[in-house]
Amino acid sequence: MNDMSKIEEIYMKDVVNSVNVFWLIASVFIPLVLYYVMYKISISTDKHVEHKKSIYLAIEDGKLPEDLKEDLKLFPVDTMKYYWLFFASGMLDLIIEMFFPINLVTLYIPTPTLIALGVNFLFLVVLSDVISKRFYVHQQMEEDINHFLVENPTSVRIFKKRSGLSFMILSFVTFGIYIYLYLFLITREYRLHIMADYSNMRRLVK
């Protein structure tokens, strides 16, 4: 497999992984779909980082400084760990609701169920925050790498710096609206980042 065909192959994989808007919309109406959405976004984060590591670390011509390559090697690829914490807390919440169901007539939520819902929501915010910050830091690293490899590279600084804590506070007030907005922004920026990122890759191998 030559360099260009490899780049095109992983580009298509990352593009497919970035298509999450439909599922996000569906999860607004069917909350359980959110677990699938977060799985897709989490694995997309890890896969994209793995793909870029496989390309950059294979460059042996000395263009990349050793400290930058070392930072790239050490960049974490463990987003799925945070997803499984979110997923496990959601399953625990479902089990607790079997014994302490929500009364839809009076809108009464038993205390154990309320605590389980709060923990599940907290892990959702933590996971979203991890994803956003991973992409934000990763794009900065890619900017530095492209500076050494590509002449007049396209900027890949798409992701904005956000605080998951502030979105968590707003989400409690607005019944989750802001957490969905947060996820929509991450999804949109990821797709834009992929387009800019791989345009640099194509120029690198030409």
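Serine 128 is buried, with a relative accessible area of 0%; buried here stands for under 20% relative accessible area, exposed for over 50% and partly exposed for what lies in between, with a 1.4 Å probe and protein chains only. The model is a predicted one, so to speak of local features takes a pLDDT of at least 70 and side-chain atom pairs count only at pLDDT 80 or more, while totals for chains, interfaces and linings use all residues. Residues are numbered from 1 along each chain as its sequence is written, and side-chain values use heavy atoms, with hydrogens and water left out.

Serine 128 sits in helix α6, where helices (H or I, at least four residues) and strands (E, at least two) are DSSP runs numbered from the N terminus. Setting aside residues up to four places away in sequence, serine 128 touches Met38, Ile179, Tyr182, Leu183 and Ile186, a contact being heavy atoms within 4.5 Å.

Now for the overall build. The protein has 8 helices and 0 strands, which read α-α-α-α-α-α-α-α from the N terminus on. Its C-alpha trace spans about 65 × 30 × 30 Å along the principal axes. Of the 206 residues in the protein, 43% are buried. Among contacts with a separation of 6 or more, 77% come from residues 24 or more positions apart.

As for the surface, the protein exposes about 11100 Å², and carbon and sulfur atoms supply 69% of that; the areas come from the Shrake-Rupley method with a 1.4 Å probe, and for residues only the protein chains shown count as cover. The 21 positive and 22 negative charges have mean positions 4 Å apart. Lys and Arg count as positive and Asp and Glu as negative, with His and the chain ends not counted, and each charge is placed at NZ of Lys, CZ of Arg, CG of Asp or CD of Glu.

Next come the aromatic rings. Rings of Phe, Tyr and Trp (its six-membered ring) pair if their centres lie within 6.5 Å, and planes under 30 degrees apart are stacked, over 60 edge-to-face and the rest tilted. By this rule the count is 12 aromatic pairs. In one of them, the rings of phenylalanine 135 and phenylalanine 159 have centres 4.6 Å apart and planes at 5°, so the pair is stacked. That pair ties together distant parts of the chain, 24 residues apart: phenylalanine 135 belongs to helix α6 (residues 111-149), and phenylalanine 159 to the loop between α6 and α7 (164-173). Elsewhere, Tyr35, Tyr39, Tyr83, Trp84, Phe86 and Phe87 make up one aromatic cluster. There is also lysine 52, which lies over the face of tyrosine 198 at 5.6 Å from the ring centre; the rule for this asks for NZ of Lys or CZ of Arg within 6 Å of the ring centre and within 35 degrees of the ring normal.

Leaving out neighbours within four places in sequence, phenylalanine 135 is in contact with Thr45, His48, Phe159, Ile186 and Tyr190. Glutamine 139, also placed in helix α6, is buried with a relative accessible area of 1%. Beyond four places in sequence, glutamine 139 touches Val156, Arg157, Ile158, Phe159 and His193. Glutamine 139 and isoleucine 43 are 96 residues apart in sequence, with 17 Å between their C-alpha atoms.
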